[in-house]
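Let's take a walk through a protein model together. Have the structure open beside you and find each residue as it comes up.

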Amino acid sequence: MAILEPAGRAPDPGRAGGGQGGQGLCAAELRAPSTAGSGRQGALWREPRRARGALWRLEADRLLPPLPARLLRAGGGRGMDRNPSPPPPRRDEDADEDVAGGDCIGSTVYSRHWLFGVLTGLIQDVALFLQEFNAPDIFMGVLAKSKCPRLREICVGILGNMACFQEICVSISNDNNLGQVLLHCLYDSDPPTLLETSRLLLTCLSQTEVASVWVERIREYPAIYDSICFIMSSSTNVDLLVKVGEVVDKLFDLDEKLMLEWIRNGAVQPQDPPQEDSEEQPVFRIVPCVLEAAKQVRSENPEGLDVYMHILQLLTTVDDGIQAIVQCPDTGKDTWNLLFDLVCHEFCQSDDPPIILQEQKTVLASVYSVLSSIYASQAQQEYLKIEEDLPLIDSLIRVLQNMEHCQKKPENSADSNTEETKKSDLTQDDFHLKILKDISCEFLSNIFQVLTKETVARGLKEGQLSKQKCSCAFQNLLPFYSPVIEDFLKILHEVDKTLADDLEESFPNLKVQT
């Protein structure tokens, strides 16, 4: 007969539910009471708290199954009855608990995914409830009549939240009257209302089913162009500038025709001269407005800068857009100076770790693309100084060197199926890195074509055209830009024949007529 508690030791009050007496209980004492109901067993069963304490001890030692709830609730006593504490976990269970607890919220047992799912469901239910009771129509009436900025902001913000769900977004978008009222909110002077309106527009433009509806609707209201340009050129609210930039970027990406219309808007002068008493309306041009917004968000919001650089890149995909940048000398100079400063003094610097390229690859691709377009179309402009070629070469080659580092496989990976190798393969297939490489190589080849003997000599002296950097450039430019490399080697033979011979030996496929 196994003794569960040594005689003479008081039972654990946390497990025995406050039972009294110092004598231990054995398994035989837990048999059903005799019909006589007398003796020690009868006394035991007449004291339910003491009996339950023994049952809990048996359960904790795995000798009995868990007690039914009805028994746990039965009986009285001054102490609070509860189940026994669980046994301490085994060592092999600790790791499993750590993994399982990774999704928990703090020290609770609630899952983050579960909570997110519940909240999402609640938000959707609220949105459907508001739609069912014609809340969009109510908000439309408020927006059409109210002059209270905070009330208007709240109404547009709620509509923006409702539009996150596809069914409601389609319903809002197909309501022509509501659409006109919402676009009219872009003429508002209140930044929070403008921010919520821009967020709502971006949400709707991101839904493929209704994006074209909003593009056509915006095209019908030319004043929207002036309002957006005014915001970009004059606002100091970074959050608003970023959201408006995302709207413009999405519009240009969706519809090239609209982009061309906005590019040409600034070139059209008003036919009628202004009256003496009337205030002259400013003529907005899209490129200076984009540049002004980019300067404003540059230091405070890198993602916002990425958006505006992509807008400039989209403009250079059409001839009118390139002309809008370079036709006006001041605009071309401002664009070049800003982008040159970004790549030569801010992005991917020599003291940055190579992995920084993964963070800056998209904005660098946009910046290099615009610089390359300006460089190729306006080589005679004063702001395209020949001494700026070497810093650009240095920046481009550094990007290509960092790209090789990002795409390099781990040296200690013996098994091609390891996680590290898989991640490296994903890096090699990175779509944005490939785009950046193509743009960088094209730009670098354009600069190499105009290098003079004096510039090459200075590049060798200052370190921008060292053997290591030239080898990196050759490795990336060959074989697609072989004629450019061959012409460069001819000049290099005149400046540093030893270096030229070393490079030819490293790249034997090059055939240079000296």
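**A guided walk through the model**

R298 is partly exposed, with a relative accessible area of 22%. For these labels, buried means under 20% relative accessible area, exposed means over 50%, and partly exposed is in between, using a 1.4 Å probe and protein chains only. Before we go on, keep in mind that this is a predicted model, where local features need pLDDT of at least 70 and side-chain atom pairs count only at pLDDT 80 or more, while totals for chains, interfaces and linings use all residues. Residues are numbered from 1 along each chain as its sequence is written, and side-chain values use heavy atoms, with hydrogens and water left out.

What does R298 pair up with? It forms a salt bridge with D341, and the closest N and O atoms are 2.6 Å apart. A salt bridge here is a side-chain nitrogen of Lys or Arg within 4 Å of a carboxyl oxygen of Asp or Glu. R298 sits in the loop between α16 and α17, and D341 in helix α19, so the pair ties together parts that are 43 residues apart in sequence. Helices, by the way, are DSSP runs (H or I, at least four residues; strands are E, at least two), numbered from the N terminus.

Now look at α19 itself, residues 329-345. Its 17 residues should span 24 Å at 1.5 Å a residue, and the end C-alpha atoms are 23 Å apart, which agrees. (The expected span is 1.5 Å times one less than the number of residues.) Several of its residues are buried, including W336, L339, F340 and V343. The buried residues of α19 pack against α16, α17, α18, α20 and α21, where contact means heavy atoms within 4.5 Å. In general, an α-helix has 3.6 residues a turn, so residues three or four places apart point the same way.

How many salt bridges does the structure hold? There are 19. In one of them, the side chains of K469 and D394 meet at 2.5 Å, N to O. This pair links distant parts of the chain, with K469 in helix α25 and D394 in helix α21, 75 residues apart. Are these two buried or exposed? Both K469 and D394 are buried.

Another salt bridge joins the side chains of E494 and K453, at 3.9 Å from N to O. E494 lies in helix α26 and K453 in helix α24, so this pair ties together parts that are 41 residues apart in sequence. E494 is exposed, with a relative accessible area of 56%, while K453 counts as partly exposed at 41%. Elsewhere, salt bridges that share partners join E216, R219, D255 and E261 into one network.

While you're around α25 and α26, find P479 in the loop between them. A cis peptide bond joins L478 and P479, with omega about 0°.

Last stop: T193, in helix α11. T193 is buried, with a relative accessible area of 0%. Leaving aside neighbours within four places in sequence, T193 is in contact with P149, R150, R152, E153 and D188.
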